[in-house]
Amino acid sequence: MAAPSAQSRRLRLGILISGRGSNMKAILDATADPDFPAEVVCVIANNPEAGGLRLAAEAGIQPLVIDHRDFPSRQAFEDALHTALVDADVELVCLAGFMRLLDAEFVNRWRDKIINIHPSLLPAYRGLRTHERVIADGVRFTGATVHFVRPEMDAGPIIVQAAVPIAPDDTPETLARRVLHFEHQIYVAAVRMIAEGRVRVVGERVVIDGAAPPEGGLINPLPFAGAE
Ligand code: GRF
């Protein structure tokens with residue numbers, strides 16, 4: 001007889017995607033371990049061309065397509081999304097490259113039960129083309145943020161961030177690749193901590209039980225080549 005899994009009750013995740021789905025894939029890979037405290041019960045794409053649809057199917061999840069263009073209004077589209085999530089008994093909604101703005105009504109129905117990943121150190125660089133904009137501004141660090149979703153775009157209590165130094169020869173593409181590597185790590189970390197019941201929203205800040213900040217800091221650029 002198989003040994004019982006350490007985790008008997010797994011948090012039920014619904015993932016919303018619009019495109020490539022690499023963050024979704026990172027979550028699917030993590031949840032493939034039966035000891036991970038969450039499981040993916042539904043994947044929904046608003047775009048029938050989303051590359052992530054194939055990745056979900058390969059991971060054994062039959063994804064749903066709910067195409068916003070099939071609905072007469074945003075409200076009707078969001079009602080369909082909501083119904084699909086409720087039908088699947090979803091407990092936490094993960095936006096993973098989901099490119100539709102969601103109305104306050106939908107977001108408030110899922111308050112503190114819907115999270116997003118954004119490729120910048122929020123609240124800096126909300127919106128699109130973050131890598132292009134950080135390079136143009138000459139800032140030395142960028143990164144990625146997982147946060148609870150609020151009705152305002154790319155806003156809400158921050159759960160985890162990763163800081164990524166920007167190199168002088170970075171292009172938006174090279175930077176996007178390095179940031180994406182950390183996106184995958186922090187999205188899985190955020191889901192794990194929420195599923196473990198360690199994450200609380202207090203006021204509009206997140207408190208995480210049993211989490212310690214790393215020591216030290218980073219300087220970019222180092223004063224001379226080879227300096228530490
Ligand atoms: C990621 O950079 C994410 O931060 C942003 O959209 C991109 C989606 O990539 N919200 P993927 O579909 O997860 O590969």
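Predicted model: local features only at pLDDT ≥ 70, side-chain atom pairs only at ≥ 80, totals over all residues.
The side chain of Ser22 brings a polar atom to 2.5 Å from a ligand oxygen, and an N or O atom in the side chain of Glu183 is 2.7 Å from an oxygen atom of the ligand. On its own the ligand has 370 Å² of accessible area (Shrake-Rupley method, 1.4 Å probe), and the protein covers 84% of that 370 Å². The residues around the ligand, each with a heavy atom within 4 Å of it, are Arg20, Gly21, Ser22, Asn23, Gly97, Ile117, His118, Pro119 and Glu183.

Now to the cores, meaning sets of buried Ala, Val, Leu, Ile, Met, Phe, Trp, Tyr and Cys residues joined through side-chain atoms within 4.5 Å, with buried being under 20% relative accessible area (1.4 Å probe, protein chains only). The largest has 47 residues, and Cys94, Tyr187 and Val191 are among those with the most contacts inside it. Helix α6 (residues 172-195) gives the most to this core, ten residues, where a helix is a DSSP run of H or I, at least four residues, numbered from the N terminus. Leaving out residues up to four places away in sequence, Cys94 touches (heavy atoms within 4.5 Å) Leu13, Ile15 and Ile115, among others. A second, separate core of 19 residues includes Leu16, Phe106, Trp110 and Val149.

Residues are numbered from 1 along each chain as its sequence is written. Local features need pLDDT of at least 70 and side-chain atom pairs count only at pLDDT 80 or more, while totals for chains, interfaces and linings use all residues; side-chain values use heavy atoms, without hydrogens or water.

How values were computed. Buried < 20%, exposed > 50% of the residue type's maximum accessible area, 1.4 Å probe, protein only. Helix = DSSP H or I, 4+ residues; strand = E, 2+ residues; numbered from the N terminus. Polar contact = N/O pair within 3.5 Å; in protein donor to acceptor, adjacent residues only side chain to side chain.
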